[in-house]
Amino acid sequence: QVQLVESGGGSVQAGGSLRLSCASSGRNISSNAMGWFRQAPGKEREYHAGINWSGGSTYYADSVKGRFTISRDNAKNSVYLQMNNLQPEDSAVYYCNLIRWTGAPVPLASWGQGTQVAVSS
């Protein structure tokens with residue numbers, strides 16, 4: 001059973017940067033595609049960045065393309081999200097999860113606690 005732990009969130013001003021980390025315990029995730037999701041108050045959880053098992057292919061939603069970079073270190077069983085030029089609309093709780101790489105990015109594991117990102121203007 002995989003347990004996912006997100007960290008690295010915080011409060012920043014618009015234009016600032018944060019680097020989120022997602023660590024997996026209980027199961028090796030090196031053979032899984034991984035995705036980052038976020039949920040703002042009153043909104044649905046949305047998928048906005050993904051990476052295949054090797055790191056050779058990535059996906060970004062238009063809302064974050066050019067500002068966010070997803071990466072992974074399979075030796076550390078971890079996935080990262082570098083977020084630059086953060087904007088107030090990026091404020092949300094951020095989660096990672098295992099996903100299917102083909103078709104809809106269905107989350108495959110239980111959700112972790114997430115990490116809060118707050119961006120002030």
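The following paragraphs describe the overall fold of the chain and then its aromatic pairs.

The structure is a predicted model, in which local features need pLDDT of at least 70 and side-chain atom pairs count only at pLDDT 80 or more, whereas totals for chains, interfaces and linings use all residues. Residues are numbered from 1 along each chain as its sequence is written, and side-chain values use heavy atoms, with hydrogens and water left out.

The chain contains 0 helices and 10 strands, where helices (H or I, at least four residues) and strands (E, at least two) are DSSP runs numbered from the N terminus. From the N terminus on, the order of elements is β-β-β-β-β-β-β-β-β-β. The radius of gyration of the chain is 13 Å, close to the 14 Å that the globule rule gives for 121 residues, so the chain is as compact as a globular protein of that length; this radius is taken over C-alpha atoms, and the rule is 2.2 Å times the number of residues to the power 0.38. Along its principal axes, the C-alpha trace spans about 40 × 25 × 25 Å.

Of the 121 residues in the chain, 45% are buried, a term that means under 20% relative accessible area, with exposed meaning over 50% and partly exposed in between (1.4 Å probe, protein chains only). Among contacts (heavy atoms within 4.5 Å) between residues at least 6 apart in sequence, 55% join residues at least 24 apart.

By the ring rule, the count comes to 4 aromatic pairs; rings of Phe, Tyr and Trp (its six-membered ring) pair if their centres lie within 6.5 Å, and planes under 30 degrees apart count as stacked, over 60 as edge-to-face and the rest as tilted. One of these pairs is formed by F37 and Y47, which are tilted at 45 degrees between the planes, with 5.3 Å from centre to centre. This pair links distant parts of the chain, with F37 in strand β4 (residues 33–39) and Y47 in strand β5 (residues 46–51), 10 residues apart. Both F37 and Y47 are buried.

F37 also forms an edge-to-face pair with W111, at 5.0 Å centre to centre and 85 degrees between the planes. F37 lies in strand β4 and W111 in the loop between β9 (92–99) and β10 (115–120), so the pair ties together parts that are 74 residues apart in sequence. F37 counts as buried because its relative accessibility is 5%, whereas W111, at 33% relative accessibility, counts as partly exposed. F37, Y47, Y59, Y95 and W111 form one aromatic cluster.
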